[in-house]
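I set down here what I looked up in this structure, entry by entry.

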Amino acid sequence: MTSTMEATRPTGLIAIDREMARQHADALASYDGAKLTARAIAASLKKNGSLLLLGMGGSHAVGRAVEPLYRALGIDAIALPLSEQLGQPLLLDGRTVIITSQSGESAEVVRFFTETGGGADTFGLTLEAGSFLARMAPSLVGAGGSELAFAATRSLTVSFALHLAVLAALGDDPAAALAALTSPERPNIDAALAALDGVATVVTSGRRLQGLAEALALGLTELARLPCFSLEGGQLRHGPMEMLGPAIGVILFRGHDRTASLVTAMAVSAVETGAPVIIFDASGEEPVAGAVTIGFRPASGLAAIFAMLPVAQRLMIAFANARVDNAGTPVRSTKITRSE
């Protein structure tokens with residue numbers, strides 16, 4: 001059975017499997033190797049009190065996920081797509097800027113430095129030490145080099161570990177997040193995958209974990225080639241509930257934080273529509289009747305993200321593999337987007 005599965009598994013997914021197999025070790029190494037640059041970024045943030053997180057695709061989802069963590073430490077943080085900053089720019093004076101690009105070579109990154117020249121408070125976050133981005137700005141560099149597989153998996157986990165180094169340099173306690181990387185949880189996803197079997201598309205949603213929901217929606221879209229998308233919990237409530245029903249899968253992220261009750265309320269409402277509802281749950285609260293719960297130890301912030309992300313990746317890959325013959329091999333995109 002195993003040899004048959006290996007023989008028939010798409011090459012693109014085999015490449016993703018390889019990335020995922022080393023993401024925890026690379027994330028821990030990235031955290032340890034980032035401390036010097038993280039201290040420089042923390043000093044800039046303490047001086048400015050304002051952070052602009054720029055990136056594209058999965059890199060932007062990383063920015064969205066860490067926004068609330070910097071805000072909780074008193075930093076006025078906002079994440080924008082880098083393309084939006086190029087077209088409708090926020091002023092950079094008095095802001096610390098972190099530009100995230102896994103390759104460090106995307107078209108928008110090159111144009112940003114061509115047009116602005118960077119600045120003393122502009123930093124990079126990349127997987128490639130020799131990349132354009134790393135040459136242009138002091139950069140947090142992830143361990144293990146570039147991600148070779150198409151959809152972002154290891155690169156997300158490594159990027160979060162690099163942010164963990166900055167947050168720790170700002171005084172946040174990294175212990176729970178490091179424990180989640182050191183001893184990963186592996187809850188079963190079979191019931192969740194079965195619940196999504198008949199859906200036409202998936203919407204993901206969260207509150208404080210919305211950035212994680214956005215990362216999953218992007219990966220589902222890339223691998224399953226379906227228009228899966230993400231809406232922050234309040235935004236899903238304000239009108240788009242009209243789309244919900246048995247053909248629309250709903251994946252929610254609930255952490256051990258003050259927004260958990262709002263995610264619970266959304267889960268109850270979504271179940272009532274007949275939509276299959278999956279909850280990635282690190283809240284410590286009771287499961288929601290009618291929803292499939294993928295449970296974790298109570299956690300919030302990066303500890304919750306590190307616990308949930310690899311399991312969400314497993315679900316994403318299995319969902320795509322059930323629907324697409326050559327999942328993981330892009331047909332309209334490239335790993336490094338060199339055109340705008």
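Entry 1, the sheet. I looked up strand E6 (residues 201-206) and found that 2 bridges join E6 to E7, the two running parallel. I note that Thr 204 stands opposite Ser 230 in E7. The model is predicted: local features need pLDDT of at least 70, side-chain atom pairs count only at pLDDT 80 or more, and totals for chains, interfaces and linings use all residues. Residues are numbered from 1 along each chain as its sequence is written, and side-chain values use heavy atoms, with hydrogens and water left out.

I traced an open sheet of 5 strands in the order E7-E6-E8-E9-E10, with parallel pairing. Strands are DSSP runs of E, at least two residues, and helices are runs of H or I, at least four, numbered from the N terminus; two strands pair if DSSP finds at least two bridges between them. The edge strands, E7 (229-230) and E10 (292-295), each pair on one side only.

I found H12 lying across E6, E7 and strand E8 (248-254), at about 165° to E6. H15 touches E6, E8, strand E9 (277-281) and E10, and its direction makes about 155° with that of E9. Contact means heavy atoms within 4.5 Å. Axes are lines fitted to C-alpha atoms, for helices over the stretch in contact, and angles run from 0 to 180 degrees between N-to-C directions.

I looked up H12 (residues 210-224) and H15 (residues 301-321), which pack at about 20° with axes 9 Å apart. H12 is therefore roughly parallel to H15, a term for angles under 35 degrees.

Notes
Parallel < 35°, antiparallel > 145°, perpendicular 65-115°, else oblique.
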